[in-house]
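These are my notebook entries on a single protein model. I set down what I looked up, entry by entry.

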Amino acid sequence: MLSIGEFSKICEVSTKTLRYYDEIGLIHPDEINPENGYRYYSIKQLSKMLFINRLKSYQFSLEEIKAILGWEEDQFEEKLSAVLHLKKREIQEKLRTYEYTLKQINSDVLNLENGISMMSYLNKIEVQLVETKPMHILFTRQMLSSDDYALGYGKYFSKLYETIATEKLTLQGTPITIYHSQEYNPAGNDTEFALPIKENIKGTRELSEELCARSVYKGPYSELTSVYAKLTEWIENEGYEMVNSPYEKYITDPSQTTDPEDLVTEVYFPVKKRS
């Protein structure tokens with residue numbers, strides 16, 4: 001048996017953390033002395049603790065690790081392989097994001113060294129006034145927090161595509177997200193996911209013909225806030241006002257590219273001339 005201090009030293013986990021892991025049911029001491037409360041761990045628990053540390057290094061949450069430890073032994077390896085593949089994709093996506101951020105920083109540094117404003121890229125975002133055509137859309141509307149968006153897009157669009165396949169509907173365009181909330185709220189935003197289709201069935205509606213200020217942006221979704229700022233500025237300067245919820249059309253399927261810079265998104269602000 002190993003004292004909690006010895007176990008802590010070998011696994012490089014503080015005794016405070018070990019007590020917390022015991023409290024949440026992640027790993028319990030093999031023995032607790034009833035007289036003095038001293039905690040002891042068995043040698044065989046070393047591998048379990050190292051396994052927990054390894055999963056933590058892969059960015060799994062303690063809640064996820066606890067669930068993994070509770071899997072049935074006969075399915076353990078298969079399920080572990082599946083979640084590791086998912087985590088690998090997550091980390092690859094984060095790496096791509098960091099690579100893009102580094103590229104941005106290098107560009108900003110170069111601009112500053114040449115006397116160019118760091119925000120000069122906003123001048124490259126073009127705005128056009130367009131008349132959109134009416135669209136019949138299959139939609140689902142959800143309240144999503146900021147943390148929900150990454151998973152939400154895939155989840156809700158997948159359900160819409162599944163409905164199209166099941167009902168044998170006719171797809172007539174690329175995915176659309178419509179933002180109905182009047183202001184940004186981290187706790188939840190009124191978000192509509194839609195796919196243009198031909199048929200008029202339950203769960204569909206018309207997206208009407210409108211005059212819109214539109215920008216086409218090529219780059220990662222994280223930069224779309226710059227497009228929104230540019231469109232808002234253009235609307236003010238040109239004497240227009242918003243009349244309906246803004247929306248995005250995803251021209252590039254994100255599953256078809258590994259480079260965020262290849263993503264093409266159209267952003268629409270329905271407007272009218274200010275009276």
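Entry 1: Strand 2 and strand 3 (residues 39-41) pair in the antiparallel sense over two bridges. For pairing I required that DSSP find at least two bridges between two strands. Helices (H or I, at least four residues) and strands (E, at least two) are DSSP runs, numbered from the N terminus. I then traced the open sheet, in which three strands follow the order 1-3-2 with antiparallel pairing. Strand 1 (2-3) and strand 2 (31-32) are at its edges with a single partner strand each, so one side of each has no neighbour in the sheet.

**Entry 2: basis of the values.** I note that the model is predicted, that local features need pLDDT of at least 70 and side-chain atom pairs pLDDT 80 or more, while totals for chains, interfaces and linings use all residues. Residues are numbered from 1 along each chain as its sequence is written, and side-chain values use heavy atoms, with hydrogens and water left out.

**Entry 3: Asp22.** I located Asp22 in helix 2 (residues 15-23). Is Asp22 buried or exposed? With a relative accessible area of 16%, Asp22 is buried. I used under 20% relative accessible area for buried, over 50% for exposed and the range in between for partly exposed (1.4 Å probe, protein chains only). Not counting residues up to four places away in sequence, Asp22 touches Ile27, His28, Pro29 and Arg39. Contact here means heavy atoms within 4.5 Å.

**Entry 4: pairing of strand 5.** I found strand 5 (residues 135-144) paired with strand 8 (residues 204-207) in the antiparallel sense, over four bridges. Within that pairing, Thr204 is the bridge partner of Leu138. Strand 5 also pairs with strand 7 (residues 189-196), again in the antiparallel sense, over eight bridges. There, Arg141 has Glu192 as its bridge partner.

**Entry 5: salt bridges.** How many salt bridges does a search of the whole structure find? I recorded eight. The criterion was a side-chain nitrogen of Lys or Arg within 4 Å of a carboxyl oxygen of Asp or Glu.

I returned to Arg141, whose side chain meets that of Asp190 in a salt bridge (2.7 Å, N to O). Asp190 lies in strand 7 and Arg141 in strand 5, so this pair ties together parts that are 49 residues apart in sequence. Asp190 is buried at a relative accessible area of 18%, whereas Arg141 counts as partly exposed at 44%.

Lys87 and Glu90 meet at 3.3 Å, N to O; both lie in helix 5, three residues apart, about one turn of the helix. Lys87 is buried, with a relative accessible area of 6%, but Glu90 is partly exposed at 40% relative accessibility. Arg96 forms a salt bridge with Glu93, and their closest N and O atoms are 2.9 Å apart. This pair too lies in helix 5, with three residues, about one turn, between its positions. Arg96 is partly exposed at 23%, and Glu93 is partly exposed at 39%.

Entry 6: I looked up Leu102, which lies in helix 5 (residues 76-113). Leu102 is exposed, with a relative accessible area of 53%. Together with Ile105 and Val109, Leu102 forms a nonpolar patch on the surface, of about 260 Å² accessible area in total. Such a patch takes residues with over 30% relative accessible area and no salt bridge, joining nonpolar side chains (Val, Leu, Ile, Met, Phe, Trp, Tyr) within 5 Å and like charges within 9 Å. The areas come from the Shrake-Rupley method with a 1.4 Å probe; for residues, only the protein chains shown count as cover.

**Entry 7: nonpolar cores.** Which residues have the most contacts inside the largest nonpolar core? In this core of 27 residues they are Ala213, Val227, Leu231, Ile235, Val267 and Phe269. A core is a set of buried Ala, Val, Leu, Ile, Met, Phe, Trp, Tyr and Cys residues joined through side-chain atoms within 4.5 Å. Two or more residues come from each of several elements, including strand 5, helix 6 (149-167), strand 9 (211-218) and strand 12 (264-273). Helix 7 supplies the largest share, six residues. I also listed the contacts of Ile235: leaving aside neighbours within four places in sequence, they are Ala213, Tyr240, Glu241, Met242, Phe269, Val271 and Arg274. A second, separate core has 20 residues, among them Val13, Leu46, Ile52 and Phe60.
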